[in-house]
Amino acid sequence: MATNLTDQSALLAFKSKITTLEPAENALAGNWTTEASFCDWIGVSCSRRRQRVTALNLSFMNLQGTISPHIGNLSFLTLLNLGNNSFHSQIPATVGRLRRLRWIILGNNQLEGIIPSSLANCRKLQDVRLGNNHLRGNIPKEMGHLLHLQILDISENRLRGNIPSTIFNISTLQVIDLTDNSLSNSIPMDMCLNLPRLEFLYLSLNHFSGQIPTSLCQCKSLRDIYLWQNNFTGSIPRDIGCLSKLEFLSLGRNRLIDTVPPSLGNLSRLEHLDFINNYLSGEIPHQLAHLSNLKYLNIAVNNLSGELPQEIFNISSVKYINFRENRLSGHVPKFTGLGHPNLEDLLLQGNQLSGKIPDSISNTSKLTLLELSDNFLSGSVPTTLGNLRLLQTLNLGRNLLTNLMVTMELQFLTSLTQCRVLENLAIESNPLNAILPDSIGNLSSSLGVFIMDSSQIKGRIPTTIGNLTNLMGLELYNNDLIGTIPSTIGGIDRLQGLSLFEPVVHCDLKPSNVLLDEDMVAHMLDISHNGLGGNIPSTIFNISTLQVIDLSYNSLSNSIPMDMCLNLPRLEFFNLSSNHFTGQIPTSLCECKNLGYIDLWRNNFTRSITRDIGCLSKLKILDLGWNRLIDTVPPSLGNLSNLTFLDIAVNNLSGEIPQVIFNISSVKRIYLLENRLSGHVPDLTGLPHP
């Protein structure tokens with residue numbers, strides 16, 4: 001017969017499987033000893049009369065090891081909480097012996113294997129939390145026998161198969177959380193017939209298919225529905241407005257069709273509505289304006305049409321509105337009165353909006369993100385944008401915006417100097433026909449990206465641009481700029497890319513593929529396709545973070561410093577093509593060990609090709625064509641094992657062609673014409689050249 005000695009032995013067996021390092025090991029080692037009653041041990045609770053273990057709570061103890069099968073001998077246990085540790089291996093099947101167990105919490109560990117079907121023997125279970133482990137296999141159909149279960153959380157595992165239909169017969173269930181597994185198949189249409197108490201349904205990040213259950217109205221207590229990122233098809237239930245307690249509704253990233261149900265307007269408690277990335281069509285129902293508690297509204301990337309309902313933008317509680325990438329028309333809504341004090345993010349890009357940007361948009365005093373790009377907006381950019389003191393991102397690119405006729409300077413840029421936390425500013429591809437004011441140097445010190453290419457910008461680049469010391473991306477290409485590159489650019493020491501190129505290059509590798517960080521944000525100074533002259537400021541070569549230098553397609557001249565690579569350890573892309581540079585190719589190129597692209601095409605470089613150029617083991621593109629290079633072709637080119645493109649055509653090179661260059665298996669193109677080279681080109685038939 002089990003006694004309290006049985007409990008002590010079970011606990012000591014459990015302790016023996018723990019391999020934890022400091023500090024928890026000392027806590028158990030010094031406390032879990034036979035010198036004291038096990039009822040006084042850390043994490044152990046006992047019944048008063050029988051002194052039997054009723055609860056074992058060791059959560060957040062930094063424990064690692066396995067769960068001993070002897071845990072099943074704690075026959076009076078009602079609570080087992082080992083959550084937020086580092087237990088691995090399987091959940092022992094012996095937990096099925098714990099007939100008094102009501103709460104089992106093993107979440108946030110590294111448990112593997114299957115969910116033991118014996119767990120269904122614990123018929124008093126109310127709370128099962130096994131989330132964030134590495135559990136595999138199917139959900140045991142025996143779980144449907146747990147008729148007192150209130151919380152079922154097995155999220156963030158590797159479970160497969162379907163949800164056993166028996167789960168939907170547990171009338172006591174309040175929470176079903178199966179998020180982030182690999183579960184599939186359809187959900188029963190009548191799933192809610194026996195779930196009157198269900199409040200939280202989390203099925204996101206799986207592979208469920210079929211229709212959203214039509215019986216949702218039977219789950220009258222539902223507060224949260226998360227079906228995000230599955231393969232649900234068909235319509236959103238038309239009567240979904242029956243769920244009067246619903247606060248969160250997330251159906252994004254599925255394959256839903258048809259229109260947005262007007263009955264959604266009945267959900268007076270709704271705070272979060274997300275239908276992004278579906279195939280919804282039709283107009284935005286004006287009934288959404290009745291959602292007086294709405295904070296988050298996202299119906300982006302669908303096929304919605306018609307005009308933006310003005311009423312929706314008068315919901316005072318809303319913080320986030322995203323209708324981007326639809327086919328919406330009409331105007332940007334006016335923000336009059338005091339009906340929008342909380343709006344922080346407004347995303348309307350990629351639609352068919354026209355007309356002017358309203359001055360009243362400045363009444364959204366908490367706005368941090370304004371995205372209006374890729375529309376048909378016209379008129380001038382309102383100077384009232386400067387009143388948005390919390391603005392962090394402004395994107396007006398690819399519209400039909402113009403400048404005020406009274407001045408050539410872009411006055412709205414001056415107004416934006418009041419936005420002291422501005423980080424991203426994009427106004428490219430608009431017919432602005434204006435000059436950059438000196439005041440751009442007074443823009444936010446936090447500014448990291450400034451994009452104004454293809455906008456008919458004239459005049460010189462203001463020297464004050466050097467004040468933007470945190471700038472990582474600057475694109476001014478395809479404008480009508482004149483003058484020289486300001487030396488003050490060398491003070492922008494966080495700059496990772498310097499590019500003044502025409503966006504079409506004459507070989508396979510495009511610079512637009514180079515400067516993207518982990519967040520897909522371009523870090524580039526791009527002033528290409530302009531008429532800039534003079535030399536490259538020497539300060540440019542002191543920016544040690546530079547990965548790309550592209551000054552192609554300008555009228556730059558003079559020589560390049562021989563030691564240019566001494567402070568450029570990260571440089572990967574170097575393009576000076578189609579300029580008027582003279583002198584020798586820098587002899588320090590070997591210091592730029594990460595170079596994969598060198599393009600000096602169509603300049604006036606003289607003297608020899610650097611003899612040790614074969615040191616650049618990562619080099620893929622080498623274009624030295626159309627210069628005035630002399631001497632022989634260095635045999636060290638044969639060491640460039642990753643080279644795919646070599647152009648040394650139209651120079652004054654002489655001597656024999658090094659045969660080693662034909663042994664580089666990765667090479668696709670070699671151009672040698674119009675030199676004074678001798679020797680022969682081998683027959684490459686049958687050789688491993690792509």
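The side chains of K458 and D480 form a salt bridge, with an N to O distance of 3.3 Å. This pair connects distant parts of the chain, 22 residues apart: K458 belongs to strand β33 (residues 457–459) and D480 to strand β35 (residues 480–481). The model is a predicted one.

**Salt bridges**

- K458 is partly exposed, at 28% relative accessibility.
- D480 is also partly exposed, and its relative accessibility is 39%.
- R398 and E428 meet through their side chains in another salt bridge, at 2.2 Å from N to O.
- That pair, too, links distant parts of the chain, 30 residues apart: R398 lies in the loop between β28 (393–395) and β29 (400–402), and E428 lies in the loop between β30 (424–426) and β31 (434–435).
- R398 is partly exposed at 35% relative accessibility, whereas E428 is buried at 8%.
- D127 and R129 make a salt bridge of 2.8 Å, N to O, between their side chains.
- D127 is buried, since its relative accessible area of 6% falls under 20%.
- R129, with a relative accessible area of 32%, is partly exposed.
- The count of salt bridges comes to nine.
- Side chains of opposite charge can pair when their charged atoms come close.

**A four-stranded sheet**

- Four strands make up an open sheet in the order β10-β12-β14-β16, and their pairing is parallel.
- The edges are held by β10 (160–161) and β16 (231–233); each has a single partner strand, so one side of each has no neighbour in the sheet.
- Strand β12 (residues 182–186) runs parallel to strand β14 (residues 207–211), and three bridges join the two.
- Across from S184 stands H207 in β14.
- Strands of a sheet pair through backbone hydrogen bonds, either parallel or antiparallel.

**The second largest pocket**

- The second largest pocket holds about 180 Å³ of space.
- Its lining consists of E307, L308, Q310, G330, H331, V332, P333, K334, K356 and P358.
- By residue type, the lining of the second largest pocket divides into four nonpolar, three polar and three charged residues.

Definitions and conventions:
Residues numbered from 1 in each chain as written. Predicted model: local features only at pLDDT ≥ 70, side-chain atom pairs only at ≥ 80, totals over all residues. Heavy atoms only, no water. 1 Å grid on protein atoms, 1.4 Å probe; cavity = no way out; pocket = protein on both sides within 12 Å on 5 of 7 lines; lining within 4 Å. Points joined across faces, edges and corners; volume = space filled by probe spheres on them. Nonpolar A, V, L, I, M, F, W, Y, C, P; charged D, E, K, R; others polar. Pairing = 2+ DSSP bridges. Salt bridge = Lys/Arg side-chain N within 4 Å of Asp/Glu carboxyl O. Buried < 20%, exposed > 50% of the residue type's maximum accessible area, 1.4 Å probe, protein only.
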